[in-house]
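Good morning, and thank you for joining this group meeting. Please take a moment to look at the structure on the screen, and I will then walk through its features.

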Amino acid sequence: MTVDALTDVAGLRVGHATRRGDGWLTGTTVVLAPEGGATAAVDVRGGGPGTKETDALDPRNLVRKVDAVVLAGGSAYGLDAASGVMAWLEERRRGVSVGADPAHVVPVVPAACVFDLGRGGDFRARPDAATGRAAVEAAAAGAPGARVPEGCVGAGTGAVAGGLKGGVGTASAVLGSGITVAALVVVNSVGAVADPETGVLYGELFQGRVDYPRERVHEAARRRLADLAELAGPAGAAGSAGTGAPPPLNTTLAVVATDADLTKAQAQKVAGTAHDGIARAVRPAHLLHDGDTVFTLATGARPLDAEDTLALNEVLAAGADLVTRAIVRAVRAAEPVAGPGGVWPSYEELYGQPHGQP
């Protein structure tokens with residue numbers, strides 16, 4: 001049985017650490033690979049990324065597999081969460097062996113961050129090594145194939161998507177070949193996720209499942225967002241509707257995973273085409289103040305068809321489609337936030353489900 005989540009790729013686990021209240025609105029999400037690690041790659045297309053250990057994933061470089069990927073709030077400060085994950089892995093002797101002693105390992109933990117500084121009210125409230133450890137412990141404690149909490153959790157706790165509350169979303173699919181592909185996203189975009197003319201989510205337009213909101217509902221939503229943008233002033237109007245909001249420094253992060261047996265070069269191609277899934281659901285994407293980053297993890301349980309030189313294509317297409325669907329799920333699962341750091345309505349608060357119902 002599948003749960004329509006990243007954990008449908010056998011061996012992968014997901015854990016969140018969430019901090020709210022007393023100035024906090026942030027967190028960390030960890031994707032934990034199975035023992036022995038997973039082949040990993042990355043593609044960074046945002047103009048303002050905050051990342052760690054991404055160079056190690058270049059197909060030309062030594063590292064072939066990683067044991068975890070960290071997604072964190074807190075901008076570049078939040079990358080410290082990876083230190084807690086590294087320490088947890090080292091204690092379990094998981095990492096690149098660098099000596100005869102089995103305890104001598106160096107875990108390679110790629111990480112990327114989103115900008116959510118000050119959204120809980122305290123600029124200094126951001127993830128650290130303890131937050132990373134809490135997230136990886138939550139991942140390790142989860143059952144195989146467990147459901148993944150979505151919305152305002154983990155790295156999506158303080159996320160904002162074009163003035164609406166953002167968050168974490170995930171989705172999966174089993175292809176005709178039997179290969180599983182899945183995606184997990186953190187949506188914290190400068191660009192809009194909903195069409196300003198209709199209120200429909202861009203990702204749902206792509207999926208062809210469109211339920212247009214009634215005009216009066218859409219007009220009420222537009223007025224609410226315009227009022228919040230006016231309160232935010234010039235700094236917040238471009239990408240955040242929060243009162244007294246920080247500048248629009250944002251990012252959409254994704255992890256695309258599969259049980260296919262991929263080389264690092266193939267995994268990097270998957271990461272690259274998965275950015276199409278962001279571009280379909282967020283407009284505009286990949287701006288100078290975005291840090292849009294996609295990781296790929298491949299567990300290698302299922303070989304590609306050696307006789308088919310284009311066998312990778314179905315994985316490439318699915319990865320992009322699932323990123324789009326995961327973004328839609330993140331936005332629909334998000335809950336509104338009103339606090340000392342700002343006010344961000346959720347899509348469901350503004351439009352409800354189904355659209356336009358009283």
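This is a predicted model: local features need pLDDT of at least 70, side-chain atom pairs count only at pLDDT 80 or more; totals for chains, interfaces and linings use all residues.

I begin with strand S1 (residues 13-21) and strand S2 (residues 24-32), which pair in the antiparallel sense over nine bridges. Strands here are DSSP runs of E with at least two residues, helices are DSSP runs of H or I with at least four residues, and both are numbered from the N terminus. Two strands count as paired if DSSP finds at least two bridges between them. Within this pair, threonine 18 stands opposite glycine 27 in S2. S1 and S2 form a hairpin with two residues between them, and in the turn aspartate 22 has a positive phi of about 55 degrees.

Residues are numbered from 1 along each chain as its sequence is written, and side-chain values use heavy atoms, with hydrogens and water left out.

The bridge partner of alanine 72 in S9 is cysteine 113.

There is also an open sheet of six strands, in the order S5-S3-S15-S14-S13-S12, again with mixed pairing. Its edge strands, each pairing on one side only, are strand S5 (65-66) and strand S12 (167-174). Strand S3 (residues 38-44) pairs with S5 in the antiparallel sense over two bridges, and alanine 38 has valine 66 in S5 as its bridge partner.

Strand S14 (residues 251-260) contains threonine 251. Is this residue buried or exposed? Threonine 251 counts as buried because its relative accessible area is 3%; the term buried means under 20% relative accessible area, exposed means over 50%, and partly exposed lies in between (1.4 Å probe, protein chains only). Threonine 251 and valine 187 are 64 residues apart in sequence, yet their C-alpha atoms are 7.0 Å apart in space.

I turn to charges. How many salt bridges does a search of the whole structure find? It finds 16, a salt bridge being a side-chain nitrogen of Lys or Arg within 4 Å of a carboxyl oxygen of Asp or Glu. One of them joins aspartate 58 and arginine 60, with the closest N and O atoms 2.6 Å apart. Aspartate 58 is buried, at 19% relative accessible area, whereas arginine 60 is exposed, at 73%.

Another salt bridge joins aspartate 67 and arginine 94, with the closest N and O atoms 3.2 Å apart. This pair links distant parts of the chain, 27 residues apart: aspartate 67 is in the loop between S5 and S6, and arginine 94 is in the loop between helix H1 (81-91) and S7. Both aspartate 67 and arginine 94 are buried. Elsewhere, salt bridges that share partners join Asp4, Glu150, Arg325 and Arg329 into one network.

The loop between H1 and S7 also holds arginine 93. The phi of arginine 93 is near 60 degrees, a positive value in a residue other than glycine. Arginine 93 counts as exposed because its relative accessibility is 51%. Glutamate 53, in the loop between S4 and S5, likewise has a positive phi, near 60 degrees. At 32% relative accessibility, glutamate 53 counts as partly exposed.

The backbone has one further point to show. The peptide bond from arginine 283 to proline 284 is cis, with omega near -10 degrees. Proline 284 lies in the loop between helix H5 (264-281) and S15. For context, most residues other than glycine have a negative phi, and most peptide bonds are trans.

Valine 96 is partly exposed, with a relative accessible area of 33%. Thank you for your attention.
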